[in-house]
Amino acid sequence: MLEVSIRKTFGKFTLQTSFTAEKGVLGILGSSGCGKSMTLKCIAGLQKPDSGSILLNGKPLFSSGSNLDVPSRKRNIGYVFQNYALFPHLTVSQNIAYGLGHLDRTQHKAKVASMVQRMQLSGHAHHYPFQLSGGQQQRCALARTLVTEPDLLLLDEPFSALDTHIKHLLEKELIQIIQENFDGIVLLVTHNIEEAYRICDRIMVMDQGRNLQIGAKEDIISNPVSLTAARITGCKNLFDVRVLEEHEGHVLLEAGQLVFKAQKNHTPVSRHMVAGIRAHHLRLHSGVSHKENVFECEVVEKVEGVFSTTLQVDCRGLLFQLEIAKASCPHLTGTDRGRLRLHIPMKRVFLMEPEV
Ligand SMILES: Nc1ncnc2c1ncn2[C@@H]1O[C@H](COP(=O)(O)OP(=O)(O)OP(=O)(O)O)[C@@H](O)[C@H]1O
């Protein structure tokens, strides 16, 4: 287990974070400059926190109280940087061997050869980084790190420089490599919720140097703790609401001209709140519907993607954004277009305190 509780100030910016991570992939999600990379650097020993402690599998790596600061090279942590940072003048084998300086040559060779094979780089062992594709470079960078058998793997935006198609392929490959070759803790820094959701088991949401929320990814999506956490995790529909009625399991909300039901969550109910619903949780119906929370609406904007359609609909003066899989909205192209109805599934609405 990784246990982090640190504070570090850089001019006007202060990183103050406490969290734990167990085996599996924890995504650190936040916008640019919120302190994601700084968190990784402190854990790796590349930056020294002003105060606090870092423990990895029970072993202290840093403790301001005991004046302990284990040097970076002795922490047994693997760090894969944004651009992979391969040594351009070394071949694939030499790059992979770089971290193994302490082993004798026979052991050295065997380990590198095995890693080259596991990462499917056999035909490229003597190639230089500039002769490799993006995917091969990523595998080489991972191989160089995994060959040292780290207890913790830190990945800092490993796909940030790649185009969407390659990104998806490499994401899949990364998940597979980790599952097959690494049994430890992984921290993955990203500012992309989709990426975090696809790759990670748990997600930590960061803002301005602090962690706002940490939990299972499904929970982060269905119950963001605050408006900021909802925004960072990509929620497109956020409305100021007035609570008209409070019942045992649900509340009746008013947003402008619209009155709809929402299931209660862990946020204590107050008179004025913010309600959120994710674009992919909203539904469109054509014709009559007897479901609750169904309202007539009009399509204001429609953007066709390859597999899904993004819509903006006007529902009694409120604008909602929807993301609908193409296969599930044939009525959008039909003659029913004018009689569309918006369904707001009450279980999908989450309530939050307004932020001042
Ligand atoms: N060496 C430094 N000296 C001064 N300020 C720094 C230094 N390194 C980082 N900072 C500041 O600390 C804050 C957090 O930086 P950090 O690199 O951790 O952000 P980030 O969340 O990883 O952002 P990005 O997604 O853009 O990489 C930023 O405001 C940055 O300006």
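Q: Which way do β1 and β4 pair, and over how many bridges?
A: In this predicted model, strand β1 (residues 2-10) and strand β4 (residues 51-56) pair in the antiparallel sense over 6 bridges. Strands here are DSSP runs of E with at least two residues, while helices are runs of H or I with at least four, and both are numbered from the N terminus. Two strands count as paired if DSSP finds at least two bridges between them.

Q: What stands opposite Arg-7 there?
A: Opposite Arg-7 stands Ser-51, which belongs to β4.

Q: And what holds strands like that to each other, in general?
A: Strands of a sheet pair through backbone hydrogen bonds, and the pairing can be either parallel or antiparallel.

Q: How many bridges does β4 have with β5?
A: β4 and strand β5 (residues 59-63) pair over 4 bridges, in the antiparallel sense, and Leu-55 stands opposite Pro-60 in β5. The two strands form a hairpin with 2 residues between them, and Asn-57 in the turn has a positive phi of about 50 degrees.

Q: Before I go on, how are residues numbered, and what should I know about the model?
A: Numbering starts from 1 along each chain, following the sequence as it is written. Since the model is predicted, local features need pLDDT of at least 70 and side-chain atom pairs count only at pLDDT 80 or more, whereas totals for chains, interfaces and linings use all residues.

Q: What is the average pLDDT of the chain?
A: The chain averages a pLDDT of 89, and 94% of the residues score at least 70; pLDDT is the predictor's confidence in each residue, from 0 to 100. For the complex, the predictor gives an ipTM of 0.93 and a pTM of 0.87.

Q: Switching to the ligand, which residues surround it?
A: The ligand is surrounded by a set of residues including Phe-10, Phe-13, Lys-36, Ser-37, Met-38 and His-191, where a residue is near a molecule if its C-beta atom, placed from the backbone, lies within 6 Å of it. Helix α1 (residues 36-44) gives the largest share of this shell, 3 residues.

Q: How many of the shell residues are nonpolar, polar or charged?
A: The shell has 4 nonpolar, 7 polar and 1 charged residues. In this scheme Ala, Val, Leu, Ile, Met, Phe, Trp, Tyr, Cys and Pro count as nonpolar, Asp, Glu, Lys and Arg as charged, and the others, Gly among them, as polar.

Q: Back to sheets: in what order do β18, β19 and β20 lie?
A: These 3 strands form an open sheet in the order β18-β19-β20, with antiparallel pairing.

Q: Why is one side of β18 and of β20 left without a neighbour?
A: β18 (298-304) and β20 (318-325) stand at the edges and each has a single partner strand, so one side of each has no neighbour in the sheet. Between β18 and strand β19 (residues 308-315) there are 6 bridges, and Glu-304 stands opposite Thr-309 in β19.

Q: What order do the strands take in the sheet with β12?
A: That open sheet has 5 strands in the order β14-β13-β12-β15-β22, and the pairing is antiparallel. Its edge strands are β14 (258-263) and β22 (350-352), each pairing on one side only.

Q: How many helices and strands does the chain have, and what does its C-alpha trace span?
A: The secondary structure comes to 8 helices and 22 strands, and the C-alpha trace spans about 75 × 50 × 35 Å along its principal axes.
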